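Visitor: I am new to this structure. Please take me through one part of it closely.

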Amino acid sequence: RFNGNNLVLDTNTGSISLQPDTEVNVWNGSQYILRASKNNNNVELWASNTKRLETIDSGVNVIGNLITDSATIEGGVLEIKNTGVQSEVRLFCETTNQHYVALKAPAHSTFSGNVVLTLPSADGTIISTSNSNAPSTISSAADADFVLIDDGGIMKKITLANLGISS
């Protein structure tokens, strides 16, 4: 086991520990290519002179893109904030991610408050008038599974039977 002033190297496991208020830097002569620091018990990771990751009291901040095979959000809320453009979620198709469906926030000027949409608790297809396969007129139960109606900010599922339309 090697003990430095601020760096502890465990030769049995290969792990390196930083003491509080210390840094480990890899410098190529013109810039830091890797910099890890532990300040006020928060950890920062730098690459190419840019901070890429930091721990904070409430979790971890990733600066830049985060790429992962999958992710689980256990807190129940996923917030997507932006840098001056409308936020968007893209769900890609199964074939080499060639196509996607996007959910996009409306422009700020159209908001009068926060909007909450609740998805129905039944399998089916949600249609809109801009879908290429949306029926121009619903005339039978085969045309759509249900319609969503905004009732004062609460999305309600209306089946064709509710509307008196039968197959």
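Visitor: Which strand gives the most to the lining of the largest pocket?

Guide: Strand β10 does, with 4 residues. Keep in mind that this is a predicted model. Start with the space itself. The largest pocket holds about 1100 Å³. It is lined by 23 residues. Closest to the pocket's centre are Val89, Leu103, Lys104, Ala105 and Leu117.

Now look at the strands. β9 covers residues 88-92, and β10 covers residues 100-104. Each of these two strands supplies at least two residues of the lining. By class, the lining of the largest pocket has 17 nonpolar residues, 3 polar ones and 3 charged ones.

Next, the aromatic rings. A search of the whole structure turns up 1 aromatic pair. Its partners are Phe92 and Tyr100. Their ring centres lie 5.4 Å apart, with 55 degrees between the planes.

Move on to the loop between β9 and β10. Cys93 lies there. Cys93 has a relative accessibility of 21%, so this residue counts as partly exposed. The cut-off for buried is under 20%. Leaving aside neighbours within four places in sequence, Cys93 is in contact with Gln98 and His99.

For contrast, turn to the second largest pocket. About 640 Å³ of space lies in it. Its lining includes Val62, Leu66, Ile67, Ala71, Ile73, Leu78 and Ile80. Gly64, Asn65 and Thr68 also line this pocket. By class, that lining divides into 7 nonpolar and 3 polar residues, with no charged ones. The lining of the largest pocket, as noted, has 3 charged residues.

One last stop is Glu44, in strand β6, which spans residues 42-47. Glu44 has a relative accessible area of 16%, so Glu44 is buried. The side chain of Glu44 makes a polar contact with the side chain of Trp46, at 3.1 Å. Beyond neighbours within four places in sequence, Glu44 is in contact with several residues, among them Arg35, Ser37, Lys51 and Glu54.

Definitions and conventions:
Residues are numbered from 1 along each chain as its sequence is written. This is a predicted model: local features need pLDDT of at least 70, side-chain atom pairs count only at pLDDT 80 or more; totals for chains, interfaces and linings use all residues. Side-chain values use heavy atoms; hydrogens and water are left out. Rings of Phe, Tyr and Trp (its six-membered ring) pair if their centres lie within 6.5 Å; planes under 30 degrees apart count as stacked, over 60 as edge-to-face and the rest as tilted. On a 1 Å grid over the protein atoms alone, a cavity is a set of points where a 1.4 Å probe fits but cannot get out, and a pocket is an open set with protein on both sides within 12 Å along at least five of seven lines; lining residues have an atom within 4 Å of a point. Grid points are joined across faces, edges and corners, and a volume is the space filled by probe spheres set on the points. Ala, Val, Leu, Ile, Met, Phe, Trp, Tyr, Cys and Pro count as nonpolar, Asp, Glu, Lys and Arg as charged, and the others, Gly among them, as polar. Buried means under 20% relative accessible area, exposed over 50%, partly exposed in between (1.4 Å probe, protein chains only). Contact means heavy atoms within 4.5 Å. A polar contact is a pair of N or O atoms within 3.5 Å; within protein, one must be able to donate a hydrogen and the other to accept it, and residues adjacent in sequence count only if both atoms are side-chain atoms.
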